[in-house]
Amino acid sequence: MRLVLVRHAQTTAAEGQCYGRTDVLVLPEVTLAVAEQVASVLPTDVEMTCSPLTRCADLARAISAMRPDLRPRPDPRIAEMDLGVWEERPWSAIDRAEFEAWTRDFADTRAGGTGESTRQFMQRVGDAFDDWRASGRDAIWVTHAGVIRAVWLLRDGMRCVERGDQWPARPIAFGECVTIEV
């Protein structure tokens, strides 16, 4: 079984801005360019699920306009992590001690004090991942970099990330398609 993960197009957020659950915009022409790039390489006869955040939902709709066989279904379980009071702040402005406390107890400390813990995030994404696996079918998710990294861990059997250094660091480009097989 294959799961194709498509990251949304580049947003209008400032470079270095923290925007997990914040519904930041993507210019329509940038969304269209990514849709044109990925629509022809996506598999047929599969379900396409998307994060309900605008940057993903718009991309899924643009893909569907080019590929009527792919009808997007929003699923809040594959939305990006809620980063609490850090949302919309530059990462560089986040107090170092606060950030280190989060990565030291990565499983249970809530990001930004009021956001999700990594355990909560992994559980949410894990529920969607388990449902996909139980379906026995290939699928496409239009989602976020954090969700893609969580899926890599889930594929490898890791349900809980205890420390920040266990989180995958590989960059994921805007509009990148990543395929996992299980």
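Mentor: A contact here means heavy atoms within 4.5 Å, and in this predicted model residues 24 or more positions apart account for 75% of the contacts with a separation of 6 or more. Residues are numbered from 1 along each chain as its sequence is written, and side-chain values use heavy atoms, with hydrogens and water left out. Local features need pLDDT of at least 70 and side-chain atom pairs count only at pLDDT 80 or more, whereas totals for chains, interfaces and linings use all residues.

Trainee: Which pattern does the protein follow along the sequence?

Mentor: Helices (H or I, at least four residues) and strands (E, at least two) are DSSP runs, numbered from the N terminus; read in that way, the protein follows β-α-β-α-β-α-α-β-α-β, with five helices and five strands.

Trainee: Which residues of α2 are buried?

Mentor: Buried means under 20% relative accessible area, with a 1.4 Å probe and protein chains only. In α2, which covers residues 54-66, the buried residues include R55, C56, L59 and I63, and the buried residues of this helix pack against β1, α1, β2, β3 and β4.

Trainee: How many residues has the largest nonpolar core?

Mentor: A nonpolar core is a set of buried Ala, Val, Leu, Ile, Met, Phe, Trp, Tyr and Cys residues joined through side-chain atoms within 4.5 Å. The largest has 32 residues, and L3, W141 and V151 have the most contacts inside it. Helix α5 gives the most to this core, with eight residues. Among the residues that L3 touches are F129, W141, V151 and I180.

Notes
Buried < 20%, exposed > 50% of the residue type's maximum accessible area, 1.4 Å probe, protein only. Expected span 1.5 Å × (residues − 1). Lists of a residue's contacts leave out its neighbours within four places in sequence.
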